[in-house]
2 protein chains.
Amino acid sequence: MPQDVRFDLPFNTPVSPYLACARERHLRWVWDRGLVRSQAGFEEYRSWDLAQAAARTYPHASAADLSTLMNWFSLAFLFDDQFDVVRPDRMDRIAEVARELIVTPLRPAGTAPRVVCPITVAWAEVWEDLSQGMSLTWQTRFAASWGRFLVAHCEEVDLAGQGRAGTLGLEAYTALRRRTVGIHHSIDAGERSRAFEVPPAAMAHPLMERMRDLAADTIGFMNDVHSFERERRRGDGHNLIAVLQRERNCSWQEAIDEAHRMTTRCLEEYLVLEARIPQMCDELGLDAGERARVEMGVEAIQHWINGNYEWALTSGRYADKEGAVATAELAGRGSVDDLLTI
Amino acid sequence: MPQDVRFDLPFNTPVSPYLACARERHLRWVWDRGLVRSQAGFEEYRSWDLAQAAARTYPHASAADLSTLMNWFSLAFLFDDQFDVVRPDRMDRIAEVARELIVTPLRPAGTAPRVVCPITVAWAEVWEDLSQGMSLTWQTRFAASWGRFLVAHCEEVDLAGQGRAGTLGLEAYTALRRRTVGIHHSIDAGERSRAFEVPPAAMAHPLMERMRDLAADTIGFMNDVHSFERERRRGDGHNLIAVLQRERNCSWQEAIDEAHRMTTRCLEEYLVLEARIPQMCDELGLDAGERARVEMGVEAIQHWINGNYEWALTSGRYADKEGAVATAELAGRGSVDDLLTI
């Protein structure tokens, strides 16, 4: 079963020592903010263990910041599931909420949302914390990364709503996947988690840009392998395995094998580029402090590739479902709870 | 009358030699794209002479690029006028269109808009040109500057729609004005107009950030002086003179004088900071090529401060109105033509 598929990752990344205490605080917050609305929704959410994902992808965050990052994960993942295959009329509401999420980091932190639902209210609160202490340059980069992700998510929802989810060819799919996976802003948040910033000149360098794209592809493809069963049950055709199987008219196993090879190729290219980082620092004439911050920026990418992988292998998000969640899936519903209304 | 008020600006900036030919091409484009829909709307638009504004603020653009920049001005200025005081129900449509304009630069260039009206269709076309040849870093910065402006514009419209336009104190007003004036992205476009980019490290420096904010304040306050009569006729309380008069309970002339002094103080602080640019370049260890690009970035600011000023003194946009425009103003309507519907 694809959730068990192993990849050979050359990183050994830490896990936050604050996982347990931050998780408890986070779960209370999710309930208090109405991000789950039923007991079944809460149990399902808890089984995903996004707290572990945050503790692995942001291992150096303080206890308080780790809670903030978990809170952010919750609203992003829960929003991701709000599209119901049986309710294409939800497309416009999803776009409206997504656009509210996009503009939040473009307003002074702490501004109340214009479009109100649990997801948008939670994000306004989280952004106030997440932007704390970060430069305008970082906020600009995060806002654009986040906005590109959300607008791509809407395109994916629109395709599904129009019954065209399963129509993309491999090239169009991988281009869209790089945008829907949401890795660029996730890596940006790595800087916030350790209160540092990659020097702007390094961040703008083509090497770093390409490394970020390759990390996004690697994680997106791995996620497609691990989430394949879940997405097949939910009728979600936005998955590399489904695209490969259809385009090549091959067996599922062959499609899984090819997705695995594609993932490995992205990772290998990423590693080749990573080895050129010292050369880039020379070229840019960076001093020791700047080099250290570039190195931490690279670690943020590694934490994401490896942390997300370790989490996905065991997360309940991609496991077989029973009870209310299975019923919702069978009915073509994206989630147990509706989070787009007040 | 405030449109005649003079400021003492220490810049002498050029005007594009392509003004006349680009203007003709631009006016045809505006008509063809439905950005004016009536003869009266067209005559009013032509009287603004935004073509001159573009030729002064982007004097080094090629003839083709100058047309693109004029086209961009047209949709931004025309959108700015789409709020009718008598139709507060337009607030939501304005927000919807604004959010479409915000997400356009976050999608692959050339993507069709999701919310369709003349303004959004025109912007998708213009963005495809405007983003041409520019780095991801520039596109990110432009997208965030543009998004911050548009989301602030919505706040202004919401205040007006709720009858609260005249309730802001001086501090809140000037903070909002810095965001609604739309100068940050206008300066960003200066790089596109000469096909260069300010080095990222310089752009992220606090000195440059502060200079950009002061340029925005200077231009916003000057614009409030020059547009005061127009805004008073239109019942638009989003104007420094109106805020000062109300807050200080002084005469209109005293308010105009104070607005003039505030403008001059911003400009003076800007000039003090501008003189520190060579020192900033030393601190960042920039080479000769990078220094030249910083210098061009500073010129882009000067072109905007001076070019906008010279244009505003004579633009028909701020002049007394007759005919259909006067009728629309008297009826509390923001514009002759409705551009938010298909």
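Biologist: Leaving aside neighbours within four places in sequence, which residues is H26(B) in contact with?

Modeller: This is a predicted model, where local features need pLDDT of at least 70, side-chain atom pairs count only at pLDDT 80 or more, and totals for chains, interfaces and linings use all residues. Residues are numbered from 1 along each chain as its sequence is written, chains are lettered from A and ligands numbered from 1 in the order in which they are written, and side-chain values use heavy atoms, with hydrogens and water left out. Contact means heavy atoms within 4.5 Å. Setting aside neighbours within four places in sequence, H26(B) is in contact with Y45(B), M70(B), N71(B) and S74(B).

Biologist: Is H26(B) buried or exposed?

Modeller: H26(B) lies in helix α1 (residues 19–32) of chain B. Helices (H or I, at least four residues) and strands (E, at least two) are DSSP runs, numbered from the N terminus. Buried means under 20% relative accessible area, exposed over 50%, and partly exposed in between (1.4 Å probe, protein chains only). At 1% relative accessibility, H26(B) counts as buried.

Biologist: Which side chain does the side chain of H26(B) make a polar contact with?

Modeller: A polar contact is a pair of N or O atoms within 3.5 Å; within protein, one must be able to donate a hydrogen and the other to accept it, and residues adjacent in sequence count only if both atoms are side-chain atoms. For H26(B) the distance is 2.8 Å, and the partner is the side chain of N71(B).

Biologist: Where is V15(B), and which residues is it in contact with beyond four places in sequence?

Modeller: V15(B) sits in the segment before α1 of chain B. At 37% relative accessibility, V15(B) counts as partly exposed. Its C-alpha atom is separated by 8.9 Å from that of A54(B), 39 residues apart along the chain. Leaving aside neighbours within four places in sequence, V15(B) is in contact with A55(B), R56(B) and P59(B).

Biologist: Which residues have the most contacts inside the largest nonpolar core?

Modeller: A nonpolar core is a set of buried Ala, Val, Leu, Ile, Met, Phe, Trp, Tyr and Cys residues joined through side-chain atoms within 4.5 Å. Beyond four places in sequence, W72(A) is in contact with residues including Y58(A), W123(A), F142(A) and W146(A). The largest core has 229 residues, and those with the most contacts inside it are W72(A), I119(A), W72(B) and I119(B).

Biologist: What kind of axis relates the two copies?

Modeller: Copies are superposed by least squares on the C-alpha atoms of residues with pLDDT of at least 70 in both. Chain B can be laid on chain A with an RMSD of 0.0 Å, by a turn of 180° and a shift of 0.0 Å along the axis. The two copies are thus related as by a two-fold rotation axis.

Biologist: Which three residues supply 30% of the area that chain B buries against chain A?

Modeller: The contact takes 29 residues from chain B and 29 residues from chain A. Buried area is the accessible area (1.4 Å probe) that two parts lose on being put together, summed over both. Chain B and chain A bury about 2500 Å² between them, 58% of it on carbon and sulfur atoms. More than any other three residues, the 30% comes from R99(B), L106(B) and R114(B).

Biologist: How many salt bridges does the rule find across the interface of chain B and chain A?

Modeller: A salt bridge is a side-chain nitrogen of Lys or Arg within 4 Å of a carboxyl oxygen of Asp or Glu. D92(B) and R114(A) meet in one of them, at 3.1 Å from N to O. Across the interface, the count is six salt bridges.

Biologist: How many residues apart are R317(A) and D80(A)?

Modeller: R317(A) is buried, with a relative accessible area of 3%, while D80(A) is partly exposed at 33%. In the salt bridge between R317(A) and D80(A), the closest N and O atoms are 3.4 Å apart. R317(A) is in the loop between α16 (288–314) and α17 (323–330) of chain A and D80(A) in helix α4 (residues 63–80) of chain A, a separation of 237 residues.
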